[in-house]
Amino acid sequence: MASANSDLPPEPASLSASLYDVLTDLHQNQYPHVPNPPSCKKRASVALVLRIRPTYRHWPTPETSSLPVLDHTASVHDRLTPFFAQDWVQNGDPEVLFIKRASRAGDRWTGHVALPGGKRDPEDVDDKAAAIREASEEVGLDLTTEDCIHVGNLPERVVTTSWGSVPLMVLCPFIFLMTRSDSPPLRLQPTEVASTHWVPLRALLSPSLRTVENVDMSQRLSNMGGIIPRFVYRCLLGMMQFSAIRLRPTESLQSNTTPGFLPDDFRTSPSVSPMRRWTTWLSGNQSDPVKQERPLLLWGLTLGILADFLDMLPPHTAVKMWKYPTFTTPDLWLIVSVLTYRLRKRNQLQVQSGARPSNTAVDGQTAALPVAPTTDDNNEVGIGGLGVGRYYGPSDRVPDGSKYAVGIMLKGYYSRLRVAVSIFLAWRAVVGSVAAIYTWRYFRRRP
């Protein structure tokens with residue numbers, strides 16, 4: 001009789017070898033510190049936490065998973081090398097830890113998929129300490145233990161308001177690798193985190209999981225307050241589409257005290273009137289617990305951070321899978337497409353001439369901009385994530401960022417987008433005026 005293992009499907013190729021090369025390089029080539037702009041004092045940090053999930057055929061045993069004891073003075077390279085030399089690691093499946101933020105009224109990132117992290121407090125000695133503290137507070141993960149390696153960082157970026165240049169904070173991503181073969185215990189802060197999810201890198205790199213996220217931009221595009229102006233903007237502009245990835249977690253943990261997690265919570269909670277649901281939709285409030293059931297989508301600023309990391313891994317095709325942001329309203333979509341056609345083609349040709357492309361992501365709420373001394377007013381990344389562009393060619397460290405793939409792809413795009421919106425609003429005003437005149441004449445001629 002054939003053995004059970006012979007009936008198993010073949011295992012996918014492991015990314016561990018490539019991950020080892022990437023982590024080694026990231027440690028040896030740290031990204032520089034980005035100071036705060038003069039008008040911005042806030043800083044925030046996030047933790048990109050990695051782990052290796054063992055596969056069925058290469059399950060670790062106490063003998064095969066034991067590492068030589070290294071003191072705290074051992075270098076990161078001396079800790080990474082023996083870890084990745086293990087059989088179960090070489091054949092394992094690298095994964096990233098994501099959180100889904102709890103739904104809270106007034107929170108800019110309510111319900112979003114994100115990395116553990118938050119604002120830096122005065123007691124934090126540096127940005128890395130802020131990432132470690134936030135990971136402990138939000139998910140109960142201790143990143144200072146011996147089975148966790150702080151590898152390095154990803155590019156720091158200035159986060160600004162959408163469609164503008166007002167800085168909100170400097171965001172600092174740090175990379176940590178868990179060396180244990182089992183899942184570390186997590187303790188979710190229910191007011192901050194609705195759930196946690198371990199997602200394979202293979203899923204993040206898969207073209208089949210690429211999608212778009214439609215975002216209501218009415219509250220960001222309108223300087224006027226109130227429900228009616230937002231409703232008018234929403235009806236005119238529709239939704240804005242951004243690149244996204246559907247997440248396929250291998251392991252998830254829900255915060256069982258999150259409102260709406262159990263059906264009993266809905267039965268015992270007061271019923272919501274149709275009028276309240278209508279006003280909630282008009283105001284764009286996303287704090288409804290039911291919205292926690294939406295599919296897990298990675299997009300915006302967090303995808304921008306991950307893009308810096310994913311672009312280093314094979315098959316290095318992230319830019320080809322990336323789509324330019326646009327609008328769902330048909331005539332606005334057409335105006336954007338026509339107005340940006342030549343610019344997109346020119347930028348894509350410039351990207352193809354590089355050594356390696358880079359991914360990017362855009363967020364309707366924040367912007368990730370390269371911080372560098374430059375006098376080029378056209379060097380605008382806009383409401384997007386800063387791709388790493390680390391190996392984009394021999395001149396990838398040009399100060400104005402023009403050799404970064406994301407900088408090339410989005411250079412000048414958002415200025416054209418604003419022009420397209422202005423043209424669209426003028427076009428709709430003309431059409432509306434003509435329709436109103438003909439309607440008035442029609443009713444005037446009636447007996």
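1. Buried denotes under 20% relative accessible area, exposed over 50%, and partly exposed in between (1.4 Å probe, protein chains only). In α14, the buried residues are Tyr413, Tyr414, Leu417, Ala420, Val421 and Phe424.

2. The model is predicted: local features need pLDDT of at least 70, side-chain atom pairs count only at pLDDT 80 or more, and totals for chains, interfaces and linings use all residues. Residues are numbered from 1 along each chain as its sequence is written, and side-chain values use heavy atoms, with hydrogens and water left out.

3. Helices (H or I, at least four residues) and strands (E, at least two) are DSSP runs, numbered from the N terminus. Helix α14 comprises the 33 residues 413-445.

4. In the model, residues 419-440 are 100% helix and 0% strand, with end C-alpha atoms 31 Å apart.

5. Helix α4 (residues 127-139) is mostly covered, with 10 of its 13 residues buried. Among them are Asp127, Arg133, Glu134 and Glu138, as well as Ile132 and Val139. The buried residues pack against β1 (43-53), β2 (93-101), β4 (117-119), β7 (167-178) and β8 (193-200), contact being heavy atoms within 4.5 Å.

6. Just after α4, glycine 140 adopts a positive phi of about 70°.

Definitions and conventions
Expected span 1.5 Å × (residues − 1).
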